[in-house]
Amino acid sequence: MTTNRISPLALADNAALDTARMTLVDQLVHWASLRIEERVFLPGMRMPSIRSLAEDKRVSRFSVVEAYERLVAQGYLEARRGSGFYVRERPVMAQQNASAPMIAKGPIDVPWLVRSMLHTVAPERGPGMGYLPPSWLDADMMTSAIRSMSRQSTMYLLQSGSPHGFLPLRVQLQTQLAELEIGARPDQIVLTSGITQAVDFLLKLYVRAGDTVLVGDPAWFVMFGRSASQGVTPIGVPYTPEGIDVQALERLVQQHRPKMLIINSILQNPTGTSLTPARAFQILRLAEQYDFMVLEDDIYCDLCPPHQQVARLASLDQLKRVIYLGSFSKTLAANLRVAFVAGSPELAKTFVDYKMLAGSTTPEINERIVYKALTEGHYRRHVERLRSRLDEVRDGARRRLEHIGLRMFGDPTAGMFFWANTGVDTSAVAAAGHEAGFLFAPGALFSPRQAPSTWMRMNVACSSDPSMLAFLSRQLELAA
């Protein structure tokens, strides 16, 4: 006999509601409408089937049908004969304050995953996480760096930092970039509070509302949101298992005449592909021929095995048309927001001026911590251990995912992500996971079109937990 109670999890975030006075149908309507308003269920998404939702919430199918019909009447859902119920696009309320910042319109909607990534989720329940588990990182190295810094004069804590950023760290970065065959003096390197801030500043410097920027499709979802928020149109360039599709790139360049191409050159997020020398030369040829800038995001640099044959655009171009970005959030600590921009002397000067006007200097204390971590002799061994540990779990995690029906994009042999085809709409899987306390990264969020996608990004380090795999397997069966 089916019990007529919704699982406690369904209303865990609505404890203030007097559920005792609500009928089962009322509770279902509230549950679904809240998730639609929070954009856990996105416009165009197919809602769980009547049977699956009834089983999941332990209610009768009649209650689910009645709740769905009410949601149709209230404008949340639309019923499609023979197909099911789908989330309806709802009108956006006009802003009361005309001077408030513009919000991106159209299909660009990334806050859902951003908010979800900030939720406290155990790594084994978070295959959609964009970072390595904290237990994989070297807390002792960070503690040692902080202690070493604290033994120095503390006068710098009371002063403003340098506009370019902490000079000793920039000198150290000059050495590290030279190892990558990228020539950049310290005055060509500017420190920022994370990659996102760097991208935001560069977009404001180089593009205007109505311009076009090319991004990967799939690619890091924040790029789409940052572009759209400034009135810029992001156009996706498809990827193949061998990397960015250069022929498609050329067609899009000819059609849209972009101002900028934003690209993960090494271990691209989410496909894990890296540029080969041939493709790198083709990209630079197009940039020169059609006069656009290239923003090369190399945030996964240190997770790339030294023996892997890859090509960085900045090493070929030497920062004439390429702007190079790097960060340590993936290898040191997600909470340590230190990144850098390396470019031509003219770019660096302009960038510093804009940085000062937009937000003054960056926190030097964070930059000093990174400097200590990089120069006290343990960082290289630390990243070697990270690469080895990823190698140790990658094949096993891949076999487990393929066993439940996922198909990999290419042959991932390095980095921290799988890009996997599930065969079903992964937005629905992610929404169900959110409800059950799992964090998944659906494919729609990695495309500027945000169309329904069967692809999903999986964190190599967080994709082997039996309970997560059992949940994912069940969701794939229900959606099939």
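The model is a predicted one, in which local features need pLDDT of at least 70 and side-chain atom pairs count only at pLDDT 80 or more, while totals for chains, interfaces and linings use all residues. Residues are numbered from 1 along each chain as its sequence is written, and side-chain values use heavy atoms, with hydrogens and water left out.

The secondary structure of the protein chain amounts to 16 helices and 14 strands; helices (H or I, at least four residues) and strands (E, at least two) are DSSP runs, numbered from the N terminus. Of the 480 residues in the protein chain, 54% are buried. Buried denotes under 20% relative accessible area, exposed over 50%, and partly exposed in between (1.4 Å probe, protein chains only). Among contacts (heavy atoms within 4.5 Å) between residues at least 6 apart in sequence, 72% join residues at least 24 apart.

Eight strands form an open sheet with mixed pairing, in the order E3-E10-E9-E8-E7-E4-E5-E6. Strands E3 and E6 (243–244) stand at the edges with a single partner strand each, so one side of each lacks a neighbour in the sheet. Two strands count as paired if DSSP finds at least two bridges between them. Strand E7 and strand E8 (residues 293–297) run parallel and are joined by five bridges; Leu-261 stands opposite Val-294 in E8.

Leu-169, Arg-170, Gln-172, Leu-173, Gln-176 and Leu-177 are buried in H6. Viewed down the axis of H6, the buried residues fall within an arc of 160 degrees, so they line one face of the helix; the arc is that of the directions from the helix axis to the C-beta atoms. These buried residues pack against strands E3 (189–192), E9 (322–327) and E10 (339–342) and against helix H13 (364–375). After H6 comes Glu-181, whose phi is positive, near 65 degrees.

The structure holds 20 salt bridges, each defined by a side-chain nitrogen of Lys or Arg within 4 Å of a carboxyl oxygen of Asp or Glu. In one of them, Asp-217 and Arg-449 meet at 3.5 Å, N to O. This pair links distant parts of the chain, 232 residues apart: Asp-217 lies in strand E4, and Arg-449 in the loop between strand E13 (441–442) and strand E14 (455–459). Asp-217 is buried, at a relative accessible area of 17%, whereas Arg-449 is exposed, at 53%.

Another salt bridge joins Asp-391 and Arg-394, with the closest N and O atoms 2.7 Å apart. Because these two residues are three apart in helix H14 (residues 379–403), about one helical turn separates them. Asp-391 is partly exposed, with a relative accessible area of 40%, while Arg-394 is buried, with 4%. Elsewhere, Asp-26, Glu-66 and Arg-70 are linked in a network of salt bridges.
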